[in-house]
Amino acid sequence: MEQPQVTVAIGPFDDLLERGLRAIVEEQEEQGGLELVTSGREDIRRVLRRRRPRVAILDRASLGSAVEMRALAKRHADTRFVLIADGLSNAECTQLLAFGASACLSRSTQARDVLSAIYMAARGMQLTPRDFDRAGPDTTTLTEREAEVLAELQRRRANAQIASDLHISVETVRTHARSIYRKLGVSSRRELIAPGPEAAGAARPAD
């Protein structure tokens, strides 16, 4: 029985990169493996709602914060997200993967590795970039509860507020926070990736 094509949407990128990604997908489309549903010409969120592609390739810069990745993944549960960016730290990639991304790739990633990421994402698997130091911080995937706590920490909410919202104790919040710091290779919430500009003026809570 012939396997169905994997539908792929490509979000807005600079022209050169978009052309390269489109060429990669279209070559596989000719061979019957992938189907390109859009390539930067339409609003990607409208495409996600209407076309429900199996895989979406997005520019990390198009996300205001790692928390936005979590919202996209929850809103579009049938789509797997491959993110492309330069300069992602190990900690930021781990956060993005914990929040629902399937892969974090650099802009210099070779075509075959982009394809591997697409096919692995389509099967519900995750792929981390090869240039991350394997001897670095523990990149064990965060639990669902840890991801929820991390999202709140990034919004600079106090432990008591987080405990109330998630219906857990303040000490449990602290325990989750310590586990998150260990997995992300940071020592405090001040080292976590900052949320979007809307939180810039928020007061800094106690650790």
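**A salt bridge and its surroundings**

Modeller: Asp78 and Arg52 form a salt bridge, with their closest N and O atoms 2.1 Å apart. A salt bridge here is a side-chain nitrogen of Lys or Arg within 4 Å of a carboxyl oxygen of Asp or Glu. Side chains of opposite charge can pair when their charged atoms come close. This pair links distant parts of the chain. Asp78 lies in the loop between α3 and β4, Arg52 in the loop between α2 and β3, and they are 26 residues apart.

A word on the source. This is a predicted model: local features need pLDDT of at least 70, side-chain atom pairs count only at pLDDT 80 or more, and totals for chains, interfaces and linings use all residues. Residues are numbered from 1 along each chain as its sequence is written, and side-chain values use heavy atoms, with hydrogens and water left out.

How open are the two partners? Asp78 is partly exposed, at 37% relative accessible area. Arg52 counts as exposed, at 52%. The cut-offs are these: buried is under 20% relative accessible area, exposed is over 50%, and partly exposed is in between, using a 1.4 Å probe and protein chains only.

Now look at Thr79. Thr79 also sits in the loop between α3 and β4. Thr79 is buried, with a relative accessible area of 4%. The side chain of Thr79 reaches the backbone oxygen of Pro53 at 2.6 Å. That is a polar contact: a pair of N or O atoms within 3.5 Å, where, within protein, one must be able to donate a hydrogen and the other to accept it, and residues adjacent in sequence count only if both atoms are side-chain atoms. Leaving out residues up to four places away in sequence, Thr79 touches Leu48, Arg52, Pro53, Arg54, Val55 and Ala56. Contact means heavy atoms within 4.5 Å.

Next comes helix α3 itself, residues 66-75. Its buried residues are Ala66, Val67, Met69, Arg70, Leu72 and Ala73. They pack against α2 (44-51), β3 (55-59), β4 (80-84), α4 (90-98), β5 (101-105) and α6 (144-154). Helices (H or I, at least four residues) and strands (E, at least two) are DSSP runs, numbered from the N terminus.

Met69 deserves a stop. In the largest nonpolar core, of 41 residues, Met69, Leu96 and Phe99 have the most contacts. Such a core is a set of buried Ala, Val, Leu, Ile, Met, Phe, Trp, Tyr and Cys residues joined through side-chain atoms within 4.5 Å. Apart from this core lies another, of 22 residues, including Leu21, Val55, Ala121 and Ala122. Beyond its neighbours within four places in sequence, Met69 is in contact with Leu63, Phe81, Leu83, Leu96, Phe99, Gly100 and Ala101.

Step back to the whole chain. It has eight helices and five strands. Buried residues make up 49% of its 207 residues. Of the contacts with a separation of 6 or more, 65% join residues 24 or more positions apart.

The count of salt bridges comes to 12. One of them joins Arg145 and Glu148 at 2.9 Å, N to O. Both lie in helix α6, three residues apart, about one turn of the helix. Arg145 is partly exposed, at 30% relative accessibility.
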